[in-house]
Amino acid sequence: MSIWEYANPKKFLRSTERVLPPLWLGSAVLITGGLIWGFFFTPDDYRQGATVKIIYLHVPSALMAINAWFMMLVASLIWVIRRHHVSALAARAAAPVGLVMTLIALLTGAIWGQPMWGTWWAWDPRLTSFLVLFLFYLGYIALWQAIDDPDTAADLTSILCLVGSVFAVLSRYAVNFWNQGLHQGASLSLDKEENVADVFAYPLYVCMAGFILLFIVLVLYRTGTEIRARRMSALLARERMSE
Amino acid sequence: MMPDLGKYGDTVLSAYGVSLLLLLVLLVLTLRRGAKVRAALRDVEHRVGRNG
């Protein structure tokens with residue numbers, strides 16, 4: 001069995017119908033469990049107080065904001081190279097999810113930053129690259145909406161996605177590239193000295209797993225919707241031509 | 001049951017409120033459009049099938 005079999009819309013829809021219910025359940029359980037664990041059963045941080053509880057939303061959403069764009073990049077490259085329509089539709093389906101994740105990361109960051117840094121916003125490398133990524137998401141969605149021919153739209157959005165990947169990389173590594181600004185380095189690290197304490201890290205891992213699963217579920221579901229919408233357009237066009 | 005959030009109560013609760021609201025909106029819009037497209041496609045398929 002090859003992964004390219006799923007480029008067949010019918011096969012894709014049949015397979016996702018089967019896996020979606022357990023995936024919905026898994027993401028709901030992980031997100032609810034992780035947030036309850038983090039919010040109710042973890043202590044305050046000795047420096048940041050109760051604001052540390054924002055980490056359970058901020059870090060997973062930021063993780064997905066960046067990785068959603070990389071998933072779109074891979075799907076766009078598959079479209080450009082192999083012309084599989086399902087991959088172009090998957091990239092389109094992922095964009096609004098990535099947009100919301102970026103917005104959550106920006107808003108929770110601002111809310112967290114206010115008491116910790118004394119400001120809602122600073123033109124810090126990571127914050128700025130995240131804002132640019134947010135604008136790229138908006139532009140990507142707008143470009144899909146603006147072009148009638150779906151293949152042309154898929155081609156142009158793929159190019160935009162390629163360009164935007166620079167900012168996705170910058171969002172991830174801005175702190176390392178420019179060792180300045182207000183934003184701290186990565187919260188999670190293999191270096192035990194730098195990593196957040198286990199008491200905060202474990203519920204954070206659960207929330208991250210939940211967000212990853214939620215992203216997968218939403219993209220699969222939304223791709224199915226895009227496939228059906230495309231089929232409907234084709235049928236309506238055929239009906240108009242036969243009249 | 002509610003943990004003592006001290007002076008950061010508003011900060012933490014607003015971060016949770018905004019995030020959960022955005023996730024809920026995304027979820028509702030996704031499911032609503034999915035159901036709408038599915039129903040519309042069923043109608044079109046039915047019509048096209050009937051008209052040959």
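This is a predicted model: local features need pLDDT of at least 70, side-chain atom pairs count only at pLDDT 80 or more; totals for chains, interfaces and linings use all residues.
Colleague: Where does A:F41 lie?

Modeller: A:F41 is in the loop between α1 and α2 of chain A. Helices (DSSP runs of H or I, at least four residues) and strands (runs of E, at least two) are numbered from the N terminus. Chain A has six helices and zero strands. The C-alpha atom of A:F41 is 46 Å from that of A:A154, 113 residues apart along the chain.

Colleague: What makes A:P125 buried?

Modeller: A:P125 has 21 other C-beta atoms within 10 Å, and 20 or more is the rule, so A:P125 is buried. A:P125 is in helix α4 of chain A. Of the 243 residues in chain A, 41% are buried.

Colleague: Why are A:G26 and A:R83 called partly exposed?

Modeller: A:G26 has 16 other C-beta atoms within 10 Å, and A:R83 has 13. Both counts fall between the two limits, so both residues are partly exposed. A:G26 is found in helix α1 of chain A, whereas A:R83 is in the loop between α2 and α3. A:R83 also has a phi near 55 degrees, a positive value in a residue other than glycine.

Colleague: How do you know how α2(A) is oriented to α3(A)?

Modeller: Their axes come within 7 Å and cross at roughly 155 degrees. Axes are lines fitted to C-alpha atoms, for helices over the stretch in contact, and angles run from 0 to 180 degrees between N-to-C directions. Angles over 145 degrees count as roughly antiparallel, under 35 as roughly parallel, 65 to 115 as roughly perpendicular and the rest as oblique. The angle of roughly 155 degrees is over 145, so α2(A) is roughly antiparallel to α3(A).

Colleague: What kind of residues make up the contact of α2(A) with α3(A)?

Modeller: There are 21 nonpolar, eight polar and no charged residues. Ala, Val, Leu, Ile, Met, Phe, Trp, Tyr, Cys and Pro count as nonpolar, Asp, Glu, Lys and Arg as charged, and the others, Gly among them, as polar.

Colleague: Which residues have the most contacts inside the largest nonpolar core?

Modeller: They are A:A68, A:A94, A:V97 and A:L133, in a core of 68 residues. A nonpolar core is a set of buried Ala, Val, Leu, Ile, Met, Phe, Trp, Tyr and Cys residues joined through C-beta atoms within 7 Å. α3(A) gives the most to this core, with 17 residues. Leaving aside neighbours within four places in sequence, A:L133 is in contact with residues including A:A65, A:W69 and A:F167. Two residues are in contact if their C-beta atoms, placed from the backbone, lie within 7 Å.

Colleague: How many residues of chain A are in contact with chain B?

Modeller: 30 residues of chain A are in contact with 23 residues of chain B. α6(A) gives the most to the side of chain A that touches chain B, with 11 residues. By class, that side has 20 nonpolar, five polar and five charged residues.

How values were computed
Residues are numbered from 1 along each chain as its sequence is written. Chains are lettered from A and ligands numbered from 1 in the order in which they are written. A residue is buried if 20 or more other C-beta atoms lie within 10 Å of its own, exposed if 12 or fewer, and partly exposed in between; C-beta atoms are placed from the backbone.
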